[in-house]
Amino acid sequence: MLQDGLLRGRRILITGGGTGLGLAMADRFAALGAQLVLSGRRAEVLAAARDGLVARHGASVQTLPCDVRDAAAVEAMFDAAWQQGPLDVLVNNAAATFIAQTERLSARAADAILGPTLHGALYCTLQAGRRWLDSGRPGVVLSILSTSTRTGRAFTVPSAMAKSALLAMTRSLAVEWGPQGIRSVAIAPGPFPTAGAGQALDPTAGRAFADAAPGAGAAAAYAANPLGRVGRPPELAELAAFLVSDSAAYINGEMVAIDGGQHLRTSGAEDLLAWGPDDWARARAGRGG
Ligand SMILES: CCCCCCCCCCC/C=C/C(=O)SCCNC(=O)CCNC(=O)[C@H](O)C(C)(C)COP(=O)(O)OP(=O)(O)OC[C@H]1O[C@@H](n2cnc3c(N)ncnc32)[C@H](O)[C@@H]1OP(=O)(O)O
Ligand SMILES: NC(=O)C1=CN([C@@H]2O[C@H](COP(=O)(O)OP(=O)(O)OC[C@H]3O[C@@H](n4cnc5c(N)ncnc54)[C@H](OP(=O)(O)O)[C@@H]3O)[C@@H](O)[C@H]2O)C=CC1
């Protein structure tokens, strides 16, 4: 249990902060006293997240709709955030993925994943880093990656590539920006049953990526995990709160996996090797394509 008020007064921008793991982090950071800046493409999703955080914690929450694929829009978002006060922490959480046979990916499909996941996180990191360096302020960049950075992952190749590149960014900036008081850290989640991940990774409804309680469709996913379950978003949020806080002041350039040890056994995607053409056709149809 982290100490009350651990993040009091810290201003933290979370990309993709209106849903899933981003919202779980926002909730925990707010409970620990942080002021939040939430970004994502959908203004109405951000507004609903802000209303909930205000109701639950009386938190200070700024919402800044932004498509992180657009470098100019990212710069404008950081200008708007900094106008209300300097940020202390950037959480690179926004990302996109879907399962697909790699040889069938069009260039647009690859870019739909690389754009937000890799370019978006880099654009945000550059904007935050420049402002911290110019003002001599310390800062923390926390990037939400994936255990694919350790295992690779079949059928989600652009996502695995983007997350691995961001791990390289985390390690490189730890050295380059560390002397100026800017820490770079990362979390590699295993399967956490958010709505976004379910939609992106399990279009055939419950085969491999099911909801929190073990059921028939989820049996394989649970059996694959040494701890016999998927992750709970508040567990990841607790780790994130620790890593961005001063309690982790000597952690720099490190990635922490939170997956019950699953990646030591499987990347999570091997079951898809058994899929035949009908399975893939159903998966494509599941997204309306
Ligand atoms: C089942 C086993 C899995 C094992 C899992 C193990 C452990 C889990 C590890 C998980 C690691 C990472 C997880 C996550 O990132 S979860 C977060 C997921 N959240 C999101 O993806 C939210 C954002 N998503 C989106 O915005 C969209 O879903 C999308 C990614 C599709 C992007 O939308 P956009 O509007 O930009 O894109 P378009 O619809 O215009 O499409 C662009 C091109 O991409 C092609 N496409 C789209 N979907 C698919 C698909 N499912 N398969 C193949 N191709 C796809 C589309 O056709 C366009 O290309 P073309 O113009 O050439 O047709
Ligand atoms: N859940 C899981 O099992 C795992 C998740 N992860 C990582 O955790 C993070 C959160 O995922 P999760 O919460 O599950 O999924 P979500 O789909 O809920 O989160 C993705 C968020 O990113 C935002 N986003 C997507 N594209 C853009 C864009 N172009 N510009 C700005 N924001 C964008 C979405 O908001 P909007 O659509 O409004 O823009 C959404 O809030 C991601 O980095 C994911 O890769 C890693 C491993 C496993």
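The biggest contributor to the shell around ligand 1 is α7, with four residues; helices here are DSSP runs of H or I, at least four residues, and strands are runs of E, at least two, numbered from the N terminus. This is a predicted model, where local features need pLDDT of at least 70, side-chain atom pairs count only at pLDDT 80 or more, and totals for chains, interfaces and linings use all residues. Residues are numbered from 1 along each chain as its sequence is written, while chains are lettered from A and ligands numbered from 1 in the order in which they are written.

In total, 26 residues surround ligand 1, the closest being Ala96, Phe98, Ser106, Ala109 and Gly268 (near means a C-beta atom, placed from the backbone, within 6 Å). The elements giving two or more residues to this shell are α4 (107-135) and α7 (195-201).

Ligand 2 has 28 residues around it, with Gly16, Gly20, Arg41, Ala95 and Gly196 coming nearest. Here α1 (20-31), α4 and α7 each give two or more residues, and α1 has the largest share, three residues.

As for α4 itself, a kink of about 45° sits at glycine 115, shortly before proline 116; the bend is the angle between axes fitted to the seven residues ending at a residue and the seven starting there. Among the buried residues of α4 are Ile113, Pro116, Leu118, Tyr123 and Trp132, buried meaning that 20 or more other C-beta atoms, placed from the backbone, lie within 10 Å of a residue's own. Just after α4, glycine 136 takes a positive phi of about 70°.

Key: A residue is buried if 20 or more other C-beta atoms lie within 10 Å of its own, exposed if 12 or fewer, and partly exposed in between; C-beta atoms are placed from the backbone.
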